[in-house]
Amino acid sequence: MFFLIKDTLKEISKENIENSSEQYVAILTSNEWSHNKDSFDMGIDLESDVKEIFTTKAEVNYDSLTGSFFIPDRNDLSSESRFAFALDEKGVVFIDDTGLAEKYIRNIQNTKKWRLPSLERFIYDFLDQIVKDDLRLMERYERELDAMENAILNEEKVLASERVNEIRGDIRDLLIHYEQLMDLGQELEENENNFFRSDNLRYFKLFLNRIARLRDRSISLQDYTMQIRDLYKSHLDIKQNRIMTVLTVVTTIFMPLTLIVGWYGMNFKYMPELEYWWSYPLVAVISFIIVLGSLLFFKKKKWL
C-alpha cells in the first residue's frame with residue numbers, strides 16, 4: 001500500500017512512487033519488505049521479524065533512520081502491537097503484519113488536510129494517532145480511583161485491591177511507553193542525517209511536549225494509586241482501633257462486676273450477706289450503678 005504526501009494522503013501504485021519526486025508513505029508486510037527492500041534504496045538490512053520487537057525506538061544509520069513501535073493496546077494494556085519502520089528524506093516505509101499502521105494512516109487520510117504537506121507533518125500526525133485517546137484513558141482511570149476513594153471514606157464497600165494493582169500496572173506500562181516515545185521523538189528532532197527541514201522540526205517539539213504532559217499525568221496517577229492504598233490501610237487501622245476501643249471499654253466495665261461475682265462466688269461458711277433478703281437487689285443496684293457510671297465516664301472522656 002503506497003501513498004504520496006500531498007494536501008492529503010493520495011493512494012497510488014508502487015510504480016508511481018518510483019516515478020515521483022514527492023515524498024511517500026508505504027505499508028508493507030514482512031514478506032513484501034523482504035522481496036522489495038532493495039527498491040527503496042535505503043542501504044539497510046532491517047529486521048522484519050515483528051516477534052523480535054520489544055521496544056519503541058529509532059536508530060540513525062548512514063543513509064536512513066530505522067526503528068520500531070511497540071504499542072500497548074489501550075483497551076487491554078497487557079497486549080500490544082509491533083511493527084518496524086525505515087525512513088529517509090524521500091519517505092517512510094512501515095513493515096507491519098498487524099494492520100495497526102494501516103489503521104493510523106487511514107485515519108490520517110480521512111481526517112487530515114494539510115496546508116503545508118511534508119514528511120515531518122505526516123510523522124507528527126502518525127505519532128499523534130498513537131496517543132490521541134490517552135487523555136481520556138487517564139480521565140477514566142482518575143474517575144475510577146476517585147470512586148474508590150469516596151467508597152473508602154464513606155465505608156460503602158471493601159476496596160478491590162486487585163483492581164488498584166491492575167491500574168497501577170497499566171500506568172507503569174504507559175509510563176514505559178511514553179519514555180520510549182520521548183526517546184524516539186528526540187532522535188527525530190536531532191535530525192542527525194538532515195532528512196527533515198529545519199522549519200518543520202517544530203512538529204517533533206510539539207509531540208515531545210504532549211508526551212511530557214501525558215507522562216506527568218501518568219506519574220500523578222501512579223502516585224494516586226499509592227495514596228488510595230495508604231488511605232485504605234489507614235481506614236482499616238482506624239476500624240481496628242475502634243474495635244479495640246469497644247473491647248477495652250466492655251472489658252473495663254465488666255472488671256468490677258467480675259470482682260463482685262468472684263467475691264460472692266467464694267464458698268465460705270460465714271458470709272452474712274447471703275442470709276439477708278435485700279442482698280440480691282443491693283448487688284444488682286450496685287452493678288447497674290457501676291455500669292452506668294463507667295459509661296458516663298467514658299462518654300465524658302470521649303472514649304466512646
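Strands (E, at least two residues) and helices (H or I, at least four) are DSSP runs, numbered from the N terminus, and two strands pair if DSSP finds at least two bridges between them. Three residues sit between E1 and E2, and the two strands form a hairpin. Within it, Phe3 has Glu11 in E2 as its bridge partner.

A quick word on what you're looking at: this is a predicted model, where local features need pLDDT of at least 70, side-chain atom pairs count only at pLDDT 80 or more, and totals for chains, interfaces and linings use all residues. Residues are numbered from 1 along each chain as its sequence is written, and side-chain values use heavy atoms, with hydrogens and water left out.

E1 also pairs with strand E3 (residues 24-28), in the antiparallel sense over three bridges. There, Leu4 stands opposite Tyr24 in E3. Zoom out and you find an open sheet of seven strands, in the order E2-E1-E3-E7-E6-E5-E4, with mixed pairing. Its edge strands are E2 and strand E4 (57-60), each pairing on one side only. On average, neighbouring strands of this sheet are turned by 20° against each other, direction ignored.

Helix H3 (residues 100-111) lies across E1, E2, E3, E5, E6 and E7, and runs at about 125° to E2. Axes here are lines fitted to C-alpha atoms, for helices over the stretch in contact (heavy atoms within 4.5 Å), and angles run from 0 to 180 degrees between N-to-C directions.

Now for Glu22, in the loop between helix H1 (14-18) and E3. Glu22 counts as partly exposed because its relative accessibility is 33%; buried means under 20% relative accessible area, exposed over 50%, and partly exposed in between (1.4 Å probe, protein chains only). Leaving out residues up to four places away in sequence, Glu22 touches Leu4, Ile5, Lys6 and Lys90. The C-alpha atoms of Glu22 and Trp277 are separated by 116 Å, with the two residues 255 apart along the chain.

| Strand | Residues |
|---|---|
| E5 | residues 65-73 |
| E6 | residues 76-87 |
| E7 | residues 91-95 |
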